[in-house]
Amino acid sequence: MTSAQAVDDIVGSEYEHGFTTDIASETFPPGLDEGVVRAISARKGEPEFMTEWRLKAYRHWLTMREPAWAAVYYPKIDFQSISYFSAPKRPEDMPKSLDEIDPILLDTYNKLGIPLEEQKALAGIAVDAVFDSVSVATTFRKSLAEAGVIFCSISEAVHDYPELIQQHLGSVVPHTDNYYAGLNAAVYSDGTFVYVPKGVRCPMELSTYFRINARNTGQFERTLIVAEAGSYVSYLEGCTAPQRDENQLHAAVVELIAMEDAEIKYSTVQNWYPGDAQGKGGIYNFVTKRGDCRGARSKISWTQVETGSAITWKYPSCLLRGDGSVGEFYSVAVTKGRQQADTGTKMIHIGKNTSSTIVSKGISAGEGTQTYRGLVRIGPRAEGARNHTQCDSLLIGDRCSANTFPYIEVKHPSANMEHEATTSKISDDQLFYCRSRGLTEEDAVSMIVNGFCKEVFNELPMEFAVEAQKLLSISLEGAVG
Amino acid sequence: MNGVLPNGFESWLSAAPERPAGVGPDWLDDQRRVAQEQVRAQSVPTSKTEDWRYTSLKGLLEQGFAQVDESITALQPDDLEEILIPGLDSHRVVLVNGRYAPELSVLGDLPKGVRLGGLRALLDADPDALRERLNRIAGDRQPLFLALNTAGLDDGFVALFDRAVMLERPIELIHLSVGMDEPRVAQPRHLIVLGDGAQATLIERYVSLGESLYCTNSVLEISLGRDAVLQHDRIQMESANAFHLTGLYLSQDANSRYRGVNIGLGARWARTELVTRFRGEQAECDLQGLYLAGDRQLMDYHLDVAHSVPRCTSRENFKGILYGKGRAVFDGLVSVARDAQKSDAAMSNRNLMLSESAEVDTKPQLEINADDVKCSHGTTVGRIEPEMLFYLRSRGISAPLARRMLCLGFAGEIIQTLSAEALREHVSEQVGQRLESAPLN
């Protein structure tokens, strides 16, 4: 039995015994049509404009075809067999204590050094309101409100700030963008909205982790971050702790908008269930992320550590529209077992003197496959544009693979564009050196891999970086030898 | 035949369906037929086709090229004077509009074990010598232009080297194109087979008399036996109005060495496909390239180097200079198969942009399925460093000359890899001339 099933069974077993009666009405039956889209909207009590927006996206989605160009392989998804709305779990449906949780999961929590109370929260156990992070969250919200920063769920924002939503939602990733973005626009469940007013430096790192009410936002998450002129915000998404989820398909959309002199730093640590040893049951993570550097001298920086999911399909991108705007992409992706990752970035230089940096580190172990796919486009008006790209792949074991597919399009002579890529394995010399100093092979590998990824980890917020390092060691456990 | 071609290339085959029966043996007819079916099964590539993402076939299709079945006999050896390179001593093979021209060729003394000459002649004289070799290296599933060439397969150049034969002087293969009243396509097919331990140098040149409009779609199949060595210099200097397509399919046995130098200067639209397959361990393939894309010129390079066996080495080093509204496309793929351990590959593409309206699209790709490999690729696009220009100008060198010197320096790395001094001088001169007249905007 797979461990995902184990979790499912624990969850599922409860309603076998008939503890609850109204669960069926909380979750829509599988299938998708206009009625379902309307029902989602009605369920969330959305205003008219939102319903129309969803319907428009849905109608367009019907005309689109599923993309097949990525170097990932999976059985065809039946979009009619997915349930598109399920209300958040009620406390009585959740596991009652840690004893009911898969011991493998708990073992990983312990290795990551996650405190017991947090472990409960992560495992989806109903927790008391006195739990620490609730009070932390309340304090957080207070100081954010003082600064004038809006940080709430998209659903709340649709009600409370409809003019901001109408102005910005879908302006960076329109519903016509791609198949999964179209689907997301039609049926998105919930997500995060951040608005940083002019000249404000957000007083703390924002993280969904502290937005208790945003738990279980489901498979079609939508994030919108708007940074007005001269503002700064750093946003953390995800969590180093392994996340289990009964939804196999995740199609999220993230939109970032940076006005003049604004800066957005977006960090992701993704560690969703990668499936069992045969790659069954893992999560499909098909995400569209894009940042729009609208104003002059604005900056958007993406940092990602991708260790989970059976399939990752994501290309956080930057539209460098404003003169002198800056785009950055730092990525570490680890695939092992049967994991597949097709990831990279797009840097579209439109404005003058725009610059972008891409550092991508891929680690493939076991039978993992890994593809870097990136586009750097320097438009005809992008005078003085600069790009530096570095993608390195590290291979561990002779069954894995690493591909690099960069696309570079340059239409201005003053452009300065450099691209470098290397593929190699951990050399025997490096290993021998470490081992002769008394390190075990596993420690040695973990040390070398961490060194390989250092450039990216340096970009992560401090406490995240420490966790990411631990996570990497755990991910690669047993990969060597 | 099965009705009309769905994809606009009917005229390329117009002469082919009836005629081939007369030329060559039955097995070749079968291969032509298979290729015709493959052509019919394909649609015209568009920008949605990954391999044609940056290259449009619109301009080529608009010309309405047709294959014409007539040879030009009016040329005299004297007519070649202006295209020969002084000081280059070679075994000369001349093709006029894709047809072998014995009256213009000077094969000279050949050692025992070397056969040089026209494909059609050899098909008549000794078809069995070609049976197991022709159309074998290019593979069964042929892309459009290769299939078109196979379907119209009719004449070209053949070089067959027995075991351990060495040819001291280079073979010079001249593709001469002469304008005709109607726009025509020539589809020569070449076969070069080097037996175990054989060594040769091949200089392949594309030239024209006058600035006429025509299309060349040439295909080369090269097979190197164990320990064989081939130096292959290719200089494309087609007429400024020509369309040029060439596909080179290379098969290398163990320990063989191939070095190809691809110089692209001519044609308004040129596409080069270089496909390397390693069949034995420790083979080496070195592909060098230099292209100049001037005003409204397109230079398009596609490399596909497959490391399917362990311990082979490949180098891909392409450099380009762009000016006016020149465009260049570089699409290089190095793949390493599972278990092809100790593969060593390094790909590099560097571009110098001299004008505002030039464009470069480059796509260096790696597909690695083994762990013990050394693979890298690098790409740069940039302009001439102002500091360098300033340095030369401060020493009294005029700006245009300084720019030219820097460009020649950039190009020199590739030009140096050509086999003969006379050839290097010839190419440097041609590059210099083009840069001199290059519009800088």
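Tutor: Let us begin with burial: a residue is called buried under 20% relative accessible area, exposed over 50%, and partly exposed in between. B:R169, at 28% relative accessibility, is therefore partly exposed. Please keep in mind that this is a predicted model.

Student: What is the relative accessible area of B:E82, and where is B:E82 found?

Tutor: B:E82 has a relative accessible area of 65%, so it is exposed. The residue sits in the loop between strand 1 (66–67) and strand 2 (91–96) of chain B. On the surface, B:E82 belongs to a patch of negative charge together with B:D78, B:D79 and B:E81.

Student: Is A:S298 buried or exposed?

Tutor: A:S298 is buried, because its relative accessible area is 0%. Its place is in the loop between strand 9 (284–293) and strand 10 (299–306) of chain A. Leaving out residues up to four places away in sequence, A:S298 touches A:A258, A:M259, A:D261, A:A262, A:C293, A:G324, A:S325 and A:V326.

Student: How many residues apart are B:D30 and B:R33 in helix 2?

Tutor: They are 3 residues apart in helix 2 (residues 26–41) of chain B, which means that about one helical turn separates them. B:D30 is partly exposed at 42% relative accessibility, and B:R33 is partly exposed at 39%.

Student: Which parts does the pair of B:D89 and B:R169 tie together?

Tutor: The side chains of B:D89 and B:R169 meet in a salt bridge of 2.9 Å, N to O. B:D89 lies in the loop between strand 1 and strand 2 of chain B, and B:R169 in the loop between strand 5 (157–161) and strand 6 (171–178), so the pair ties together parts that are 80 residues apart in sequence. B:D89 is partly exposed at 47% relative accessibility.

Student: Where do B:D372 and B:K342 lie?

Tutor: These two side chains, B:D372 and B:K342, form a salt bridge at 2.9 Å, N to O. B:D372 is in the loop between strand 20 (359–368) and strand 21 (374–382) of chain B, while B:K342 is in the loop between strand 18 (327–336) and strand 19 (344–353), so the pair ties together parts 30 residues apart in sequence. At 46% relative accessibility, B:K342 is partly exposed. Elsewhere, salt bridges that share partners join A:K411, B:R327, B:E359 and B:D361 into one network.

Student: What do the totals for chain B say?

Tutor: Chain B has 9 helices and 21 strands. Buried residues are 62% of its 441 residues. The chain exposes about 17000 Å², of which carbon and sulfur atoms supply 47%.

Technical notes: Residues are numbered from 1 along each chain as its sequence is written. Chains are lettered from A and ligands numbered from 1 in the order in which they are written. This is a predicted model: local features need pLDDT of at least 70, side-chain atom pairs count only at pLDDT 80 or more; totals for chains, interfaces and linings use all residues. Side-chain values use heavy atoms; hydrogens and water are left out. Patches are made of residues with over 30% relative accessible area and no salt bridge: like charges are joined within 9 Å, nonpolar side chains (Val, Leu, Ile, Met, Phe, Trp, Tyr) within 5 Å. Accessible areas come from the Shrake-Rupley method with a 1.4 Å probe; for residues, only the protein chains shown count as cover. A salt bridge is a side-chain nitrogen of Lys or Arg within 4 Å of a carboxyl oxygen of Asp or Glu. Lys and Arg count as positive and Asp and Glu as negative; His and the chain ends are not counted. The place of a charge is taken as NZ of Lys, CZ of Arg, CG of Asp or CD of Glu. Helices (H or I, at least four residues) and strands (E, at least two) are DSSP runs, numbered from the N terminus. Buried means under 20% relative accessible area, exposed over 50%, partly exposed in between (1.4 Å probe, protein chains only). Contact means heavy atoms within 4.5 Å.
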